[in-house]
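Let's take a walk through this structure together.

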Amino acid sequence: MKIPYPASGAESRNNRILLVDDDPDIVEVLGRGLKVKGMQVDAYTCPQEALQSFKPGAYDLAILDIRMPTMTGFQLYREIKNVDPAIAVCFLSAFEIQPNEFRSVFPSMEGVKIIIKKPISLNEFLKQITPILRMSAHARKKLG
């Protein structure tokens, strides 16, 4: 299900985020927090719905939960990378995952920037994704 957020008026094209997590509470809290910070957010609790709506070049960052019941974040990642190879991706996980271990198990996960451990405060979440948004926006300007 897509979670609608009213426009804040302070949105910037350089801050367009796709957020997908099967937990509606996480989607609600993170989505609203990102909107308050002036970012455009398309938030979904259903990965298939997110994939059906996904368009190349529409997002600067995709934030995907790893464990979802109908489609894993890894599966969703592969599908959206087929549509938009340049998109930056972060994963959300309630489990401790070391980036080096992750890359050794999933070497094809090029473009994955970080794995964010849940639960997380909004301030810490923003601190982790802000540098990625800056790099992504810069990279997209070079392409476009």
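Start at Asp23, which caps the N-terminal end of helix α1: one of its side-chain oxygens sits 2.8 Å from the backbone nitrogen of Asp25. Keep in mind that you're looking at a predicted model, so every distance here is computed from predicted atoms.

Which residues of α1 are buried? They are Val27, Leu30, Gly31, Gly33, Leu34 and Lys35. Past the end of the helix comes Gly38, with a positive phi near 90°.

Now step back to the whole chain. How many helices and strands are there? The chain holds five helices and six strands, and from the N terminus on they run β-β-α-β-α-β-α-β-α-β-α. Of its 144 residues, 43% count as buried. If you take the contacts with a separation of 6 or more, 71% of them are between residues 24 or more positions apart.

Next, have a look at some strands. Strand β2, residues 16-20, is mostly covered, with four of its five residues buried. β2 pairs with strand β3, residues 40-44, in the parallel sense, and the pairing runs over five bridges.

Strand β4, residues 61-65, contains Asp65. Is Asp65 buried or exposed? Asp65 counts as buried, because its relative accessible area is 3%, under the 20% cut-off. Leaving out neighbours within four places in sequence, Asp65 is in contact with Val20, Asp21, Asp22, Gly73, Leu92 and Lys118.

On to the aromatic rings. A pair of rings is described by the distance of the centres and the angle of the planes. The count here comes to three aromatic pairs. One of them is Phe54 with Tyr59, a stacked pair at 5.7 Å centre to centre with 20° between the planes. Phe54 and Tyr59 are both buried. Another is Phe74 with Phe91, this time edge-to-face, at 5.2 Å centre to centre and 70° between the planes. That pair links distant parts of the chain, since Phe74 belongs to helix α3 (residues 73-83) and Phe91 to strand β5 (residues 88-93), 17 residues apart. Phe74 and Phe91 are buried too, and together with Tyr77 they form one aromatic cluster.

Last stop: the cysteines. A disulfide is a covalent bond between the sulfur atoms of two cysteines. How many disulfides does a search of the whole structure find? The search finds zero. Cys46 counts as partly exposed because its relative accessibility is 24%, whereas Cys90 is buried because its relative accessible area is 0%.

Terms used
Residues numbered from 1 in each chain as written. Predicted model: local features only at pLDDT ≥ 70, side-chain atom pairs only at ≥ 80, totals over all residues. Heavy atoms only, no water. Disulfide = S-S within 2.5 Å. Buried < 20%, exposed > 50% of the residue type's maximum accessible area, 1.4 Å probe, protein only. Helix = DSSP H or I, 4+ residues; strand = E, 2+ residues; numbered from the N terminus. Polar contact = N/O pair within 3.5 Å; in protein donor to acceptor, adjacent residues only side chain to side chain. Contact = heavy atoms within 4.5 Å. Phe/Tyr/Trp six-rings, centres within 6.5 Å; stacked < 30°, edge-to-face > 60°. Pairing = 2+ DSSP bridges.
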